[in-house]
Amino acid sequence: MGDLQPWRGRLDCLEGRFEAFKTAPLHEPDRKVRNSRFQRLLEDICTVVREAELSDVPRLKQVVEGAQELIAACLKYAYSDLGGFKTINTFAHSDDEPWIDDIMENAGSDIVDEFMRLYTKTLKAGSPPPQLPAFTQVRPWTRSPRPHPLSSRLSRFRPDIVPTATPATPRARLVAEARTQLTTDLIPITYAMVIPHGGSILALASGGGFKGRDPVLQYYLLGNQSDKSLEGVGLDPGLSSVPRFIAADEDRKLVHLANDDRIKSFPFAPGDNDQIPKRLPNVHSMASGRAYDGPISPLQNGRFARAGKGQAAVWDLSALETNQEHAGTSTSGSEPHSVVAFADDPSYAPATWHLHSPTGHLLCGERATRSGGYGCIALDVEHGGHRAARFLGHGSDVVRITTSPGDPNLFATAASDGYARLFDVRRPLPLLTVETSIQHEGCCDVVLVHPDGIPTLFTGGDRTQQIKMWDIREQECVYELSTGNNAVSGMAWDDANCALFVATECRFVNNFGERTGYRQARIPTWATWTSVEKDYKAYKAAPPHPDVYVNGRRVSVAHEIPTSVDDEDERGYYDMDDEFEEVEKDEIDTAYSADMRWPEKCFHKENYFGYAYDAGEHVLFRWHFKEEPDITQLPASTTNDEW
């Protein structure tokens with residue numbers, strides 16, 4: 001006990017500070033001072049854990065649990081009426097475990113347009129528009145860097161960034177330069193998606209029909225897809241309501257789909273003719289009941305689990321009755337073969353979990369509305385349901401957890417507080433905290449990948465309608481990808497084909513499938529498909545340009561090449577210029593724009609990317625990173641004919 005006393009004493013002192021904070025008046029003269037005091041309290045709690053870990057405390061887990069109890073109490077108070085907090089900033093970072101953000105954050109065209117409308121029509125009617133601060137003025141795409149002529153026109157690169165990728169890491173370089181060929185497909189509203197490690201299938205838990213109420217299993221056999229199109233299958237899985245959870249088991253070639261009280265399994269193994277059936281049959285039905293309505297996951301040793309509150313239902317797949325049902329049929333299903341109680345916390349209810357294959361543990365995330373907290377733990381379901389580890393630092397619901405075969409110790413989380421966090425399973429605090437947006441929106445999803453061993457994150461935005469690519473080693477956002485003004489609902493990585501799949505939802509379509517809130521588009525001449533084709537043909541007709549490298553890193557052929565790069569200035573060769581220049585007026589292609597439509601309230605204007613694209617539907621994107629992508633393969637934007 002003696003080795004824990006100093007650390008418990010420090011946590012007790014911090015608890016005293018918290019109690020004193022609660023008794024202070026809610027409406028202090030300076031609200032920022034009050035918020036800063038609370039923020040520092042959370043940071044100091046994490047500092048105790050960090051220093052205990054550095055001191056190699058034998059019973060570090062007890063220190064971590066004490067810190068978690070205090071953090072949970074602080075957050076519960078913060079989000080209550082008495083606390084008055086709407087959001088909590090990151091508090092688990094340090095100089096060695098940094099917090100990073102996007103250097104090119106902007107307010108969004110919808111917010112700026114609404115302010116200008118309010119100012120000129122209400123606040124100061126008839127007056128000229130005011131001069132807005134720099135962060136609200138976004139340069140057109142033509143003023144942004146482009147590291148390669150085959151970088152997608154639907155990418156937007158950050159200035160001042162030099163990615164980690166080198167000639168020795170060709171796949172990572174393709175990803176870093178956004179040399180990607182885009183293919184799309186229309187999909188139902190998607191709630192979850194998965195590609196198992198091994199990459200045979202992409203499966204989506206979806207809802208179709210009126211208001212998206214009809215359950216749908218949408219899937220794509222990845223070995224059967226072409227570069228030019230995506231061929232998917234949507235079938236009725238025989239569930240009574242829309243599925244919210246999906247899991248896939250590459251070893252047993254099974255996709256598992258779950259609604260609130262039932263789980264169905266569909267095999268995607270080749271049959272007697274060595275072909276995977278185009279329409280997958282249902283082979284297992286499991287009755288989980290409302291007591292087990294949480295996330296699902298295959299376990300090791302041929303078992304399968306579904307979370308409930310304080311316990312998990314477990315089935316032995318080899319002992320299940322084989323139904324061989326066809327799509328659309330429904331059965332009562334098999335009851336669980338066993339139940340595993342969560343030994344350390346009978347009230348814990350995972351909202352999301354992910355199997356960490358090297359350990360067999362389930363990495364779990366919590367949601368306050370489900371179990372009252374925001375905890376993230378490693379759960380050992382195979383050995384009595386004990387908590388194997390706890391991970392601190394989340395200030396709100398954990399919505400996604402992802403791992404990568406490229407590093408068995410790393411995992412990433414996406415949370416509704418707007419941050420993605422990178423953890424090591426052996427440590428309680430995040431190695432890196434990524435602020436994915438300044439818009440007070442949650443991080444919808446995160447994908448951790450290791451092309452050529454280079455750790456890379458993709459994060460998805462909801463209101464910001466974009467995918468961002470982060471270079472972990474450089475600790476920078478390198479670029480963003482367009483989603484056609486759609487919100488991201490899920491992402492998955494196809495490692496075999498070096499492709500990112502993104503499911504998106506169009507918020508400008510009502511329950512009847514009708515588009516609402518559109519205006520005539522104002523598309524610059526350089527953002528039309530004809531312009532993209534012209535540039536591509538010019539590139540193909542030109543003599544080959546040798547790649548040029550400075551200090552082992554590729555320099556864009558589109559910009560001036562520096563003669564030398566100092567260590568302190570190494571990030572500079574993507575920089576366009578240092579001083580903010582007034583946004584230039586784009587020449588609008590009036591003939592092209594006449595037939596095009598654009599949402600009135602979306603995050604990006606028509607000149608933000610190199611091709612003006614609005615999806616106007618729920619769309620699945622496949623970004624296929626390759627040496628020679630066809631960058632003219634772009635989806636059609638919303639037109640007047642579809643109005």
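Predicted model: local features only at pLDDT ≥ 70, side-chain atom pairs only at ≥ 80, totals over all residues.
**Two residues with positive phi**

Lys 211 sits in the loop that links strand S5 (201-208) to strand S6 (214-221). Its phi is positive, about 60 degrees, although Lys 211 is not a glycine.

Now select Cys 498, in the loop between S28 and S29. Phi of Cys 498 is also positive, near 50 degrees, and this residue is not a glycine either. Cys 498 has a relative accessibility of 3%, so it counts as buried, the limit being under 20%.

**The sheet around S28 and S29**

Next, show strands S3, S34, S29 and S28. These four form an open sheet in that order, and their pairing is antiparallel. Which strands stand at the edges? They are strand S3 (180-186) and S28; each has a single partner strand, so one side of each has no neighbour in the sheet. Neighbouring strands here are turned against each other by 20 degrees on average, with direction ignored.

Zoom in on S28 and S29, which pair in the antiparallel sense over seven bridges. Within this pair, select Ala 492 and look across to Phe 501 in S29, which stands opposite.

**The nonpolar cores**

Stay in this region and show side chains. In soluble globular proteins, nonpolar side chains tend to be buried together. The largest nonpolar core of this model has 50 residues. Select Phe 458, Ile 467, Tyr 479, Trp 493, Leu 500, Trp 623 and Phe 625, the residues with the most contacts inside this core. Elements that give two or more residues to it include helix H5 (170-176), strand S24 (445-449), strand S26 (466-471) and strand S27 (476-482). Strand S28 (487-494), strand S29 (499-505) and strand S34 (619-625) are also among them.

**Cysteines**

Select Cys 46 and Cys 477. Cys 46 counts as buried at 1% relative accessibility, and Cys 477 is buried with a relative accessible area of 1%. How many disulfides does the model have? With a cut-off of 2.5 Å between cysteine sulfur atoms, the count is zero.

**A second sheet**

Move to strands S1, S23, S22, S21 and S20. They make an open sheet of five strands in that order, with mixed pairing. Strand S1 (99-101) and strand S20 (398-404) stand at the edges; each has a single partner strand, so one side of each is left without a neighbour in the sheet. From one strand to the next, the twist averages 20 degrees.

Inside this sheet, select strand S21 (residues 407-415) and strand S22 (residues 419-424), an antiparallel pair with five bridges. Thr 413 is found opposite Arg 421 in S22.

**Confidence**

Finally, colour the model by pLDDT. The protein averages a pLDDT of 88, and 86% of the residues score at least 70. Select residues 548-553, where the pLDDT is below 50; this stretch has 22 contacts in the model beyond near neighbours in sequence. Residues 555-584 also have a pLDDT below 50, and that stretch has 62 contacts in the model beyond near neighbours in sequence.

Methods
Residues numbered from 1 in each chain as written. Heavy atoms only, no water. Buried < 20%, exposed > 50% of the residue type's maximum accessible area, 1.4 Å probe, protein only. Core = buried A, V, L, I, M, F, W, Y, C linked by side-chain atoms within 4.5 Å. pLDDT = per-residue confidence, 0-100. Contact = heavy atoms within 4.5 Å. Pairing = 2+ DSSP bridges. Axes fitted to C-alpha atoms, helices over the stretch in contact; angles between N-to-C directions.
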